[in-house]
Amino acid sequence: MGNWDKKYFVTELKWDVGEAPWSPQFDDHEAARLLSMDSEVIKDAFYMETAWFFPGDWPKNKGDIGTIKAHTHEFDEIIAWVGSDPNDKYNLNGEVEVWIDGKQNLLDRSFLCFVPAGVEHGPIKINRIEKPMFHFTAGMGRKYAK
């Protein structure tokens, strides 16, 4: 049995990041939040959230409700999607559309994206998903906020 200091580790989803006006909505068969952290969860921690996205034909029917709307933050942010095929680790096995600073980016490979503070990003949406994708965001803010 594992043993860890809860002052430093989060091992289950204990806290809701909260809804933002730009937040998408997903059903349980489409996505699942896994872990999140900020300074309300662990003192002085920066913001980070993780989730799994599951395969299916749901992206083509999701429309705006599954799209992260355009927004900015007062902190730098990292956005990532990672494919789950151990035999083809850079293949996203899907496609994610990420608009940054008014420019469209279509990604079909595992990626990290750096968004400087104040730069508009979004819409962000999954266009296609054939195998599970792991997603995370991290920001140097103490709490996820615009």
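Two strands pair if DSSP finds at least two bridges between them. The model I am reading is predicted.

**Entry 1: strand 3 and its partners**

I looked up strand 3 against strand 8 (residues 133–139) and found seven bridges joining them. The two strands run antiparallel. I noted two of the residue partners: Glu-77 has Gly-139 as its bridge partner in strand 8, and Ile-79 has Thr-137 there.

Next I checked strand 6 (residues 111–115). Five bridges join strand 6 to strand 3, and this pair also runs antiparallel. Ile-79 turns up again, standing opposite Cys-113 in strand 6.

I then wrote down the order of the strands, which is 1-2-8-3-6, in an open sheet of five strands with antiparallel pairing. Strand 1 (31–37) and strand 6 are at the edges; each has a single partner strand, so one side of each has no neighbour in the sheet. From one strand to the next, the twist averages 15 degrees.

**Entry 2: aromatic rings**

I searched the whole structure for aromatic pairs, and there are six.

For Phe-26 and Phe-53, the ring centres are 5.1 Å apart and the planes stand at 85 degrees. Planes over 60 degrees apart count as edge-to-face, so this pair is edge-to-face. Phe-26 is in the segment before strand 1, while Phe-53 is in strand 2 (residues 47–53), so the pair ties together parts 27 residues apart in sequence.

Phe-26 also pairs with Trp-58, again edge-to-face, at 5.6 Å centre to centre and 80 degrees between the planes. Trp-58 belongs to helix 1 (residues 58–62), so this pair ties together parts 32 residues apart in sequence.

Which of these rings belong to buried residues? Buried means under 20% relative accessible area. Phe-53 is at 7% relative accessibility, so I list Phe-53 as buried. Trp-58 is buried as well, with a relative accessible area of 7%. Phe-26 is at 27% and counts as partly exposed.

Last, I looked for a group. Phe-26, Phe-53, Trp-58, Trp-81 and Phe-111 form one aromatic cluster.

How values were computed. Residues numbered from 1 in each chain as written. Predicted model: local features only at pLDDT ≥ 70, side-chain atom pairs only at ≥ 80, totals over all residues. Heavy atoms only, no water. Helix = DSSP H or I, 4+ residues; strand = E, 2+ residues; numbered from the N terminus. Axes fitted to C-alpha atoms, helices over the stretch in contact; angles between N-to-C directions. Phe/Tyr/Trp six-rings, centres within 6.5 Å; stacked < 30°, edge-to-face > 60°. Buried < 20%, exposed > 50% of the residue type's maximum accessible area, 1.4 Å probe, protein only.
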